[in-house]
Amino acid sequence: QVHLVESGGGLVQAGGSLRLSCATSGRVFGINFMGWYRQAPGKQRELVATTTSGGFTNYADSVKGRFTISRDNAKNTVYLQMNSLKPEDTAVYYCNFVAYAGTPTEYDYWGQGTQVTVST
């Protein structure tokens, strides 16, 4: 079974930067959407950023101008560059891939989550 493997989380001071990566553990075809979500303690999971196979991107208002999502289609890898981090960015970050979106064989892949902690 294919899994998503995340890396790059950690502890950083406010104003610092981190880069998250997420790749598939095996071959996956038909990936349309790649994205990042996060969940802070006591809160619901929320969208951070998504990117389509055509290169379109979408960001939560709270991260616009600070975070950048990018992808390497050949490697089935998505990245999240996070700059100017704030304590409110502290959360577990999850990557998500959607394959064959909008078809009967649509499938969601989720990573195990990586902790990002921003200290004051």
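The model is predicted: local features need pLDDT of at least 70, side-chain atom pairs count only at pLDDT 80 or more, and totals for chains, interfaces and linings use all residues. Residues are numbered from 1 along each chain as its sequence is written, and side-chain values use heavy atoms, with hydrogens and water left out.

I begin with the overall fold. The protein has zero helices and 11 strands; here helices (H or I, at least four residues) and strands (E, at least two) are DSSP runs, numbered from the N terminus. The radius of gyration, taken over C-alpha atoms, is 14 Å, close to the 14 Å from the globule rule (2.2 Å times the number of residues to the power 0.38) for 120 residues, so the protein is as compact as a globular protein of that length. Along its principal axes, the C-alpha trace spans about 45 × 25 × 25 Å. Of the contacts with a separation of 6 or more, 54% are accounted for by residues 24 or more positions apart, where contact means heavy atoms within 4.5 Å.

Four strands form an open sheet in the order β1-β3-β8-β7, with antiparallel pairing; two strands pair if DSSP finds at least two bridges between them. Its edge strands, each pairing on one side only, are β1 (4-7) and β7. Between β7 and β8 there are six bridges in the antiparallel sense, and Ile69 stands opposite Leu80 in β8.

Next, the interior. Buried residues, meaning those under 20% relative accessible area with a 1.4 Å probe and protein chains only, make up 42% of the 120 residues. In soluble globular proteins, nonpolar side chains tend to be buried together. A nonpolar core is a set of buried Ala, Val, Leu, Ile, Met, Phe, Trp, Tyr and Cys residues joined through side-chain atoms within 4.5 Å.

Which residues touch the most other members of the largest nonpolar core? They are Trp36, Leu80, Met82 and Tyr93, out of 29 residues. Strands that each supply at least two residues of this core include β3 (18-24), β4 (31-39), β8 (77-82) and β11 (114-119). The largest share, five residues, comes from β9.

Finally, I consider Met82. Leaving aside neighbours within four places in sequence, Met82 is in contact with Gly16, Ser17, Leu18, Leu20, Arg66, Phe67, Tyr93 and Val116.

Terms used: Buried < 20%, exposed > 50% of the residue type's maximum accessible area, 1.4 Å probe, protein only.
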